[in-house]
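Please open the model in a viewer and keep the selection tool at hand.

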Amino acid sequence: MLTMIRHILPLAAAAVLLNACNDTPAPDERYIPQGSVEINSKVLIEEFTGQLCVNCPTAHAEMKRFAEMFGHENIISVSIHGNSGAQMAIPAPAGLGTEEGAEYNRRNNIASWPSAIVGRRSGNLESNYGKWLTWIVSDLIRPQQTDIETDASLSADGQTLSIHTRITSRQNVKADSRLQLWIVEDDVTGPQLTESGRPDPTYVHNHVFRAAVNGLDGQPAVPAPKDPVELTHTISVEPKWNPANLSVVTILSSASEGVIGVSRTSITTTDNQNN
């Protein structure tokens with residue numbers, strides 16, 4: 001562990017010099033909505049984060065606060081880690097980055113961390129948590145457009161996840177709509193730089209993006225009110241994943257409308273089948 005920490009600190013110093021880790025906004029930059037919010041839809045937050053980013057734990061705490069405000073079932077956040085020091089990431093095996101996560105960082109022109117995109121409509125909001133919250137509320141009150149049912153189960157040998165998805169639309173959706181299935185994991189213990197500039201080797205990471213089941217871009221899926229889309233996929237479980245902490249995030253989106261529907265489903269394992 002000491003070797004790993006010594007490895008982190010030089011990279012952290014370089015990251016500070018590059019000024020790539022966003023400063024935390026002042027309290028008066030944050031908008032806190034007053035009164036009740038009528039929740040009609042779930043919201044996807046793609047949170048671009050990094051283990052070398054000293055301000056990213058603050059973003060993680062803000063996301064937790066939003067989930068407590070509006071319900072964990074309605075706030076579907078995914079922590080996307082890059083795979084290089086330039087993306088505030090540390091190398092394997094302690095690093096949480098993936099090639100897919102690095103590509104999502106590049107495609108979205110993420111140049112500072114933490115950053116977030118809400119509903120694929122907001123654009124990059126960087127670390128302005130007030131804007132994160134404003135866009136989250138905007139998505140929560142949007143009329144629900146789809147009904148998503150996802151069943152995800154682990155094979156008896158623990159090696160394969162089988163995912164069945166059924167999507168019904170409440171209205172016609174765009175012809176360019178695409179379905180993406182992402183594997184995410186909670187309760188992942190791994191190093192994280194904190195605001196003190198010191199690494200915490202026992203930091204607990206949540207909503208960690210692990211893999212894209214059906215490719216970086218997903219696949220075409222255009223459900224209609226009387227013509228649902230049903231698809232089945234499988235993915236091999238990597239040794240570093242804990243199946244008990246895995247879930248599937250199902251995303252239906254289009255280039256013009258952003259996210260049309262999103263859900264998060266826990267994995268059914270042999271243990272929780274027997275409970």
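Select Asp-187 to begin. Asp-187 is partly exposed, with a relative accessible area of 48%; partly exposed is the range between buried, under 20% relative accessible area, and exposed, over 50% (1.4 Å probe, protein chains only). Asp-187 belongs to the loop between strand 6 and strand 7 (188-189), where helices (H or I, at least four residues) and strands (E, at least two) are DSSP runs numbered from the N terminus. Phi of Asp-187 is near 55 degrees, a positive value in a residue other than glycine.

The model is predicted, with local features requiring pLDDT of at least 70 and side-chain atom pairs pLDDT 80 or more, while totals for chains, interfaces and linings use all residues. Residues are numbered from 1 along each chain as its sequence is written, and side-chain values use heavy atoms, with hydrogens and water left out.

**Further backbone features**

Move to Glu-126, in the loop between strand 3 and helix 4. Its phi is also positive, near 50 degrees, and Glu-126 is not a glycine. At 40% relative accessibility, Glu-126 counts as partly exposed.

Ala-92 and Pro-93 are joined by a cis peptide bond with omega of about 5 degrees; Pro-93 sits in the loop between strand 2 and helix 3 (99-107). A cis bond also runs from Trp-113 to Pro-114, with omega near 0 degrees, and Pro-114 is in the loop between helix 3 and strand 3. Most residues other than glycine have a negative phi, and most peptide bonds are trans.

Then select His-72, in the loop between helix 2 and strand 2. Is His-72 buried or exposed? His-72 counts as exposed, at 54% relative accessibility. Lys-42 is 30 residues away from His-72 in sequence, and their C-alpha atoms are 9.7 Å apart.

**The disulfide**

Show the side chains of Cys-53 and Cys-56. These two residues form a disulfide with their sulfur atoms 2.5 Å apart, the criterion being a pair of cysteine sulfur atoms within 2.5 Å. A search of the whole structure finds one such link. The link of Cys-53 and Cys-56 is right-handed, with 90 degrees about the S-S bond. Cys-53 is buried, with a relative accessible area of 0%, and Cys-56 is likewise buried at 0%.

**Helix 4**

Select residues 129-140, which make up helix 4. At 1.5 Å a residue, its twelve residues should span 16 Å, and the end C-alpha atoms are 16 Å apart, which agrees; the expected span is 1.5 Å times one less than the number of residues. Which residues of helix 4 are buried? They are Tyr-129, Gly-130, Trp-132, Leu-133, Ile-136, Val-137, Asp-139 and Leu-140. The elements that cover them include strand 1 (43-49), helix 2 (56-70), strand 2 (75-81) and strand 3 (115-118).

Turn to the open sheet of three strands, with the order 4-5-13 and antiparallel pairing; two strands pair if DSSP finds at least two bridges between them. Strand 4 (146-154) and strand 13 (229-236) are the edge strands, each pairing on one side only. Neighbouring strands of this sheet are turned by 15 degrees against each other on average, direction ignored, with axes taken as lines fitted to C-alpha atoms. Strand 4 and strand 5 (residues 160-169) run antiparallel and are joined by nine bridges.

**The nonpolar cores**

Finally, select Leu-44, Val-78, Trp-182 and Val-249. Of the 26 residues in the largest nonpolar core, these four touch the most other members; such a core is a set of buried Ala, Val, Leu, Ile, Met, Phe, Trp, Tyr and Cys residues joined through side-chain atoms within 4.5 Å. Strand 2 gives the most to this core, with three residues. Apart from it lies another core of 22 residues, including Leu-161, Ile-163, Val-229 and Leu-246.

Centre the view on Val-78. Beyond four places in sequence, its contacts (heavy atoms within 4.5 Å) include Leu-44, Ile-45, Trp-182, Phe-209 and Val-249.

The last stop is Ile-251, in strand 14. Ile-251 is buried, at 0% relative accessibility. Leaving aside neighbours within four places in sequence, the contacts of Ile-251 include Leu-44, Arg-120, Arg-178, Trp-182 and Val-262. Gly-218 is 33 residues from Ile-251 along the chain, with 9.0 Å between their C-alpha atoms.

Methods:
Axes fitted to C-alpha atoms, helices over the stretch in contact; angles between N-to-C directions.
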